[in-house]
Amino acid sequence: GGSSGYGIFVVDAATGEIYVAQELDYESASRSTLQVSVEDTLQGYPSQRLVLVEIHVQDSNDHTPTWPQDPMTVVVSESATLGMSLFTFQALDGDGPGPNSQLSYSLLQPEARHSPFQLDTHSGELSLRGPLDREAQAAYLLVVQATDQAHNISQRRSAALTAHVFVMDEND
C-alpha cells in the first residue's frame, strides 16, 4: 500500500490509481506524460513493464479579461461618415484557446440606444451609426465590457473599460 510521487501526480502502488498532488494549471502545462512501472505478480512470478500514461488537463476559466489601457481616449472627426470604423477595442484573456478566452464586446451605458456609436460584439469594432455634431455634443463617455464565452454562463468573467470619445470640429 505505498505510493510513488512524481511531484504533481501520485500513483497508488497497490491500486495503480493516479491522483493529483497539487493544483494543475492548463496555461503552464496542458498535458503531462508519466512513466509508470507496472509489476504483475498474479502469474506466480513477477513481470515488470513500463507504461506511459498521458494526462490531458482541461482549461478552467481562471483568467478575467484585461484591458491594455484604461481609460482610453478616442478622437473622431464630426465629419465621419455613417458606418465608418472609428476604433477597435481589444481586451486580452490569459485562458487557453477556446471559449474561455474568446471575448464578446458590449456597450454598458444606459443611453446606448440613443448613442451615435455601435460596437461589433465579435470584433470590438466601434463604428458610427448616427451623425455627430460637435456643437450639440463635443464628448461622449462609453463603457465597453469584454466578456469571455465560458460554456457555463455563471462562470463567465468580464472587465469594463472607460472610453472618452472626443468629437473634433469641422468647419460647418
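I looked up leucine 24 first. Its relative accessibility is 31%, so leucine 24 counts as partly exposed. The model is a predicted one, and I read it as such.

I then placed leucine 24 in the fold. It lies in the loop between strand S3 (18-20) and strand S4 (31-40).

Next I checked the surface around it. Leucine 24, at 31%, is partly exposed.

I turned to the rings. How many aromatic pairs does a search of the whole structure find? It finds four.

I took tryptophan 67 with phenylalanine 89. This aromatic pair is edge-to-face, with 6.4 Å centre to centre and 90 degrees between the planes. The pair links distant parts of the chain, 22 residues apart. Tryptophan 67 sits in the loop between strand S5 (47-56) and strand S6 (72-77). Phenylalanine 89 sits in the loop between strand S7 (85-88) and strand S8 (103-107). Buried or exposed, tryptophan 67 and phenylalanine 89? Both are buried.

I moved on to tryptophan 67 with tyrosine 105. The ring centres are 6.1 Å apart and the planes stand at 55 degrees, so this pair is tilted. Tryptophan 67 is in the loop between S5 and S6 and tyrosine 105 is in strand S8, so the pair ties together parts 38 residues apart in sequence. I noted that tryptophan 67 and tyrosine 105 are both buried.

Last, I looked up the grouping. One aromatic cluster is formed by Trp67, Phe87, Phe89 and Tyr105.

Methods. Residues are numbered from 1 along each chain as its sequence is written. This is a predicted model: local features need pLDDT of at least 70, side-chain atom pairs count only at pLDDT 80 or more; totals for chains, interfaces and linings use all residues. Side-chain values use heavy atoms; hydrogens and water are left out. Helices (H or I, at least four residues) and strands (E, at least two) are DSSP runs, numbered from the N terminus. Buried means under 20% relative accessible area, exposed over 50%, partly exposed in between (1.4 Å probe, protein chains only). Rings of Phe, Tyr and Trp (its six-membered ring) pair if their centres lie within 6.5 Å; planes under 30 degrees apart count as stacked, over 60 as edge-to-face and the rest as tilted.
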